[in-house]
Each structure stands twice: as C-alpha cells, then as structure tokens.
Amino acid sequence: MTPTERIPEPLVLVIFGASGDLTKRKLLPALYSLAREGLLPARFAVVGFARKAMTSQAFRDAMREGCDKFARRRPVDNPLWDAFSANLHYHQGDYADPASFTALKERLEGLDRELHTAGNRLFYLSTPPSTYEPIIANLGKAGLAKRNLQPLPHIIIEKPFGHDLDSARHLNGQLKKVFRESQIFRIDHYLGKETVQNMLVLRFGNGIFEPLWNNRHVDHVQITAMEAIGVEGRGGYYEEAGILRDMVQNHLFQLLSLTGMEPPSSMESNAVRDEKVKFLRSLRPIPQEDVSRFVVRGQYAPGTLGGEKVPGYRQEDGVAADSVTDTYTALKLYADNWRWAGVPFLLRTAKRGAKRITEISVHFKPAPLRMFGGHDGLAEPNQLVIQVQPDEGISLHFSAKEPGPTTELLPVDMTFRYGASFGKESPEAYERLILDAMLGDSTLFTRDDEVEASWAFITNILTAWKKQKARQIAQYTAGSWGPQEADALLEPGMTWRKP
C-alpha cells in the first residue's frame, strides 16, 4: 500500500474526555504528527467533548502546549499548527445527558456541511470506564451510531475493557446494542509499536524463522514487561486493579498471542485475529487449587532506584497499609496444540522493576551434541530477542569462537535497531492506531472474542486469589528484578533473562 492509499476519507474525530491527560499527552500530538507526515485528509476536524467549561480557543491553546511538550517531532511547525488547529473545536457536555448528545449531533452536522465530511465520524472514548456505558447509550439515542448510516461511524475504546470476564461480556453487550462489531476498535497501544507489528513480518515474511518456531527447536519463551516507575499517584486505582489486570490481560497477552499464533490465511484483519483467538483458547487452564504453582504475585518494598530512595507500594498514597495488591506477576503457561506442546511460556511484569524494558525472548534448545566448551564449560543456548521498548529492535544471540589458540566459545549478538537501520525514528503507537481506525482497518485492534478469551483465563486466577484470602504476598525490593519466589516457575537449566 502506498502512502497516498493510507490517507483516510474526510472525517470528523470526536474525542470524549478531551480535557484529560491522554488527549493532551498522546492523542493530539499523534494527530499533529500525522498532519506533519501528510497522512490526514484535507477536510478533517476534531471535536473535543468534556464536562469542563472551555472555549474552542482555550482547547487549541491547551493542545498546542501538549504538542510542544510531547509531539514526536519538535518544535511545532507554526504555519502547520495554524492550519491544523483551525479545525480543533470544543464541545462542553455531560456524558449522561442525552441533550448534550443532541447538541453534539447538531454541531457535527454543521461541520459536515462546512467541510463536506459526509457524516464520516470516529468516536474516541478517552474517559474513565464508568462513563463508557452512558456515552455509548447516548450516541445511540442521538442517532449518531445508527447501523444503516453510510459511511458507518467507528468507535475507539481505551483500556481497561472490563475488570473481569462478566464485566467484559456486559460491556460487549452494551456496545452491540448500538454498534456492529466491525465498527468497534478496542485499543491496546502495545499493538501500535513498530516491533510488535514487525512480529508478523519476522515470522511470516522470512523463510528462516518459521521452520524453527515450534516445540522441536524452542526450549521456552520469556515475555517481560517491566517499568521502573511506581504507581505514580494512582494508588487508589491500583488497589482496585493490580498488575495482573492492568498489564497481563491486555499487553502481555497481546505479545503472547502474536508469538504463539499460527500463520493466518491472509493479512486481512479477521484472519489475523482468528489465529490470535485460537491460540488464546489453546492455553491450558490452571486449576484453581494449583494457581500458586503457576502464578507468582509480588509487591514492591522500599528500595533504591537511580541512586534515590523510593517508597514501597504500601507507603504510596491511597494504598492500604496491609495491602496484598499485586505490582508484580509472573506466570508459567502452556499451549495445548501441536506447535507448542510442552513449551513453557514464562511471562512477568512489574512496577518499580530494575529498568524499563519490554521484550520477547525465544530460547532455543541447545545443540544436540555439545562439542565445544565456553567460559563456563558449555556453549550458551541461542536466543532471539524482540525488544519492544525502549529501543525497538531484534537481536540474535549465538556462540562464536574467541580469537586465539583455543576453541573457547563466547556469546555474541547480531542486532537490528530501527533507528540505525532505517535512519528515522519510529512513529508513536497512537499515530498508527488512530490512522488505522480512520481507515477502518481493525487488524491491530482487539475483537470481542479475543477480549473474552483473555479475561476467561485471567478471571480464573483472580477467583483463586480471592478464595485464598491470603494476607501475605511476596515482597521484592524496588529496583530489583522481582521476588525470588518467581524462580520456582523455572525448570532445570532455565534462568530469567536480565537484559
């Protein structure tokens, strides 16, 4: 597809929650970057919808401030900004008030007449989950989401999409009353990252990897998503969520399904998502009485990070002094299918970890006959490492002979980095995802059955934890790689990778 084929038809984007942090830090900077790349239609407008009283000019000024701080390419180009911001509008309203949506409809119809956007609309819910249902219902009541509209409007919904299987099913049901599944775009910004998208190309666009991508050659797979920051003032939210809900159900399971899925019949969105769902459904259920054998949950204690002392989770604002909320989770999973039978998938994620890193590492089985010695007497197994952040790239770790008179093996790396190889920085995840939604391409968005398959697995673990009613949780020092208890998930010969 050429760049010009990636330019959407004229449309109006409505952002609910436009006065919030996500709009200022991510959404408007992403839209400005798309404008700078020439990927927005000539006839395009943004309507910010929020409860806060604000003029359209004040909204533009706030979004300019956001772009000045957070846009990928800075400084902001003044003539471009003037043209871009001329079509930023603000609409004050209440998410639960049908009259606010009637007024919104009138405003959108006015923009249709002015810009000739022909009713082409994309709604973005950048709001707390508690507002999703009234917004969806009022869009339906106002006639803004009729199934017979042409072109069909689309809706983007931020995570968290539910907090367990029942709530996810309920939210899907509410959406289906107003929108068709093809109109619904459940966003996970991890899927917009270049390296995550490149997983499909790496596996299915190269002849050398896929023949090795199975239990005959792969010993185990590790997926790590670690953050150095703590809960950053979101203690109240984290007490309700925990990292299993916040990271594993969405981000890590997305990386897991892309790693384990079968080749799709085509790159059409539903063909790709069909295979992701099949893989998630192949995950071996963990009996509730055995959850502690396959899942470790931990919580960060006081420690030192970057030379500075940091508090433990229980010392954070909004956190109970005896909290057992998880800020670290490690899981050992198995997929019961022909490709992966017997191969452990080891997942871990943490707040206040040793460093900010997200990566997938595929650990291959050792050579069948160990003919050479290394500095520890054994050649190290090969690894293929796909680094998602902070430095997007791919590395192949293998052994080579050290120069000299002896046959001594040392590990070496063959590394590809996006910036170095292509000479330009990768676009932000939200740039790609918003553009795809404008184009109606749902490949990188989550389908209803995929959401429910991941929640079914996670809810089983949450239920087991609730039944245990344990008041103890593994502790790990802030700035470390996690609790020692996670080592129990490893099989003989395995170690947690520490990049």
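## Close-up views of a predicted protein model

**View 1. Surroundings of Lys176 in the predicted model.** Apart from neighbours within four places in sequence, Lys176 is in contact with Arg147, Glu181, Ile184, Arg186 and Asp448. This lysine belongs to helix α6. Its relative accessible area is 28%, and Lys176 is therefore partly exposed.

**View 2. Ile155 in strand β5.** Strand β5 contains Ile155. Because its relative accessibility is 0%, Ile155 counts as buried. Leaving aside neighbours within four places in sequence, the residues in contact with Ile155 include Leu122, Phe123, Leu125, Ile136, Leu139 and Leu175. Phe179, Gln183, Ile184 and Phe185 are also among its contacts. Between the C-alpha atoms of Ile155 and Val14 the distance is 9.4 Å, although the two residues are 141 apart in sequence.

**View 3. Helix α5 and the elements around it.** Helix α5 covers residues 132–141, and its buried residues are Tyr132, Ile135, Ile136, Asn138 and Leu139. An α-helix has 3.6 residues a turn, so residues three or four places apart point the same way. Just after α5 comes Gly143, with a positive phi of about 75°.

**View 4. The crossing of helices α9 and α10.** Two packed helices are described by the angle between their axes and the distance between the axes. For α9 (residues 243–260) and α10 (residues 269–282), the axes come within 9 Å and cross at roughly 100°. This angle makes α9 roughly perpendicular to α10, because angles of 65 to 115 degrees count as roughly perpendicular. On the α9 side, the contact involves Phe253, Gln254, Leu256, Ser257, Leu258 and Gly260, which meet Lys276, Phe279 and Leu280 of α10. Sorted by class, the residues of this contact are five nonpolar, three polar and one charged.

View 5. Most residues other than glycine have a negative phi, and most peptide bonds are trans. The bond from Arg74 to Pro75 is cis, with omega near 0°. Pro75 lies in the loop between α2 (56–70) and α3 (78–85). The bond from Gln389 to Pro390 is also cis, with omega near 5°. In this case the proline, Pro390, is in the loop between β15 (383–389) and β16 (393–401).

View 6. Ala118 is not a glycine, but its phi is positive, near 55°. This alanine is placed in the loop between α4 and β4. Its relative accessibility is 58%, so Ala118 counts as exposed. Glu232, likewise not a glycine, has a positive phi of about 50°. The loop between β7 (218–226) and α8 (235–241) holds Glu232. With a relative accessible area of 52%, Glu232 is exposed.

Notes: Residues numbered from 1 in each chain as written. Predicted model: local features only at pLDDT ≥ 70, side-chain atom pairs only at ≥ 80, totals over all residues. Heavy atoms only, no water. Axes fitted to C-alpha atoms, helices over the stretch in contact; angles between N-to-C directions. Helix = DSSP H or I, 4+ residues; strand = E, 2+ residues; numbered from the N terminus. Parallel < 35°, antiparallel > 145°, perpendicular 65-115°, else oblique. Contact = heavy atoms within 4.5 Å. Nonpolar A, V, L, I, M, F, W, Y, C, P; charged D, E, K, R; others polar. Buried < 20%, exposed > 50% of the residue type's maximum accessible area, 1.4 Å probe, protein only.
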